[in-house]
Amino acid sequence: MDEQFILRVPPSVAEQIERLMNESAAGSSSNPEDASLDLSFSDDGRSGTFMIGNQSFPASLLDLPTVVESYKTYDDSFLVKAADIGQMVMVREDVDPAPEEVEYKHGLTPPMRDARRRRYRREPGLNAELVHRVEKDLISIMHGVSVSGEGGGGEGGDRKKAAPAPAPKPDAQEPAANGEEAEPERSDSDDSEN
């Protein structure tokens, strides 16, 4: 599979990229310096600079809230999956603020606006004291030590009780294989009574 990412640029930069692509397709580039594109990242791997010609723009690498699949075709009939895209490079103007988080909260299309908040379950807020007490109880149970109830040594007492012995089963007749009632088994002593 290919490695791919989404490149999101401001409208003015998009026009310049489109113009460069059209010129390179036609083979008529007036100045080779104007036709250069460069993307470089700093040591943190999340912020960097996007260069187009002599202009530079700040860029940020953001994680998308969902995985986007990309496809390519060779014959305009069958699609072949090319990659799973999970990151986006967002190029912005110098005056625009840098994103605070590494995860982009919106998807790529309008229905996925604010996807992180609307489509995913929030993590439950857990009481740290309760988690610690339950963890201690589980460790005690694993070591075979009995655990007292919440009220202390009150009404519940020990939770570790002997399992009740199974009740003896009365002698029951098994049904016959054909669905009719089975005749009781006869012994030799039953024949002699008649």
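Helix 3 is followed by G144, a residue with a positive phi near 85 degrees. Helices here (H or I, at least four residues) and strands (E, at least two) are DSSP runs, numbered from the N terminus. This is a predicted model, in which local features need pLDDT of at least 70 and side-chain atom pairs count only at pLDDT 80 or more, while totals for chains, interfaces and linings use all residues. Residues are numbered from 1 along each chain as its sequence is written, and side-chain values use heavy atoms, with hydrogens and water left out.

**The overall layout**

- The protein has 4 helices and 5 strands.
- Starting at the N terminus, the order of elements is β-α-β-β-β-β-α-α-α.
- Of the 194 residues of the protein, 16% count as buried; buried means under 20% relative accessible area, exposed means over 50%, and partly exposed is in between (1.4 Å probe, protein chains only).
- A contact here means heavy atoms within 4.5 Å. Among contacts between residues at least 6 apart in sequence, 47% join residues at least 24 apart.

**Around helix 3**

- What caps the N-terminal end of helix 3? N127 does, with a side-chain oxygen 3.1 Å from the backbone nitrogen of E129.
- Helix 3 covers residues 128-142, and its 15 residues should span 21 Å at 1.5 Å a residue; the expected span is 1.5 Å times one less than the number of residues. The end C-alpha atoms are 21 Å apart, which agrees.
- Further on, V147 sits in the loop between helix 3 and helix 4 (188-192). V147 counts as buried because its relative accessibility is 12%.
- V147 and K136 are 11 residues apart along the chain, and their C-alpha atoms are separated by 9.6 Å.

**Two strand residues to look at**

- D38 belongs to strand 2 (residues 37-41). Its relative accessible area is 41%, so D38 is partly exposed.
- Leaving aside residues up to four places away in sequence, D38 touches T49, F50 and M51.
- S60 is part of strand 4 (residues 55-73). Is S60 buried or exposed? S60 counts as buried, because its relative accessibility is 6%.
- The side chains of S60 and R92 are joined by a polar contact of 2.8 Å. A polar contact is a pair of N or O atoms within 3.5 Å; within protein, one must be able to donate a hydrogen and the other to accept it, and residues adjacent in sequence count only if both atoms are side-chain atoms.
- Not counting residues up to four places away in sequence, S60 touches R46, S47, M88, V89, M90, R92 and P99.

**Two loop residues with positive phi**

- Most residues other than glycine have a negative phi.
- D76 has a positive phi near 60 degrees. D76 is in the loop between strand 4 and strand 5 (79-91), and at 75% relative accessibility it counts as exposed.
- D114 also has a positive phi, near 55 degrees. D114 is in the loop between strand 5 and helix 2 (115-119), and at 16% relative accessibility it counts as buried.

**The largest pocket**

- On a 1 Å grid over the protein atoms alone, a pocket is an open set of points where a 1.4 Å probe fits, with protein on both sides within 12 Å along at least five of seven lines; lining residues have an atom within 4 Å of a point.
- The largest pocket holds about 360 Å³ of space. Its lining has 17 residues, and the closest to its centre are L62, M90, P99, E100 and Y104.
- How do the lining residues divide? There are 9 nonpolar, 1 polar and 7 charged; Ala, Val, Leu, Ile, Met, Phe, Trp, Tyr, Cys and Pro count as nonpolar, Asp, Glu, Lys and Arg as charged, and the others, Gly among them, as polar.

Technical notes. Points joined across faces, edges and corners; volume = space filled by probe spheres on them.
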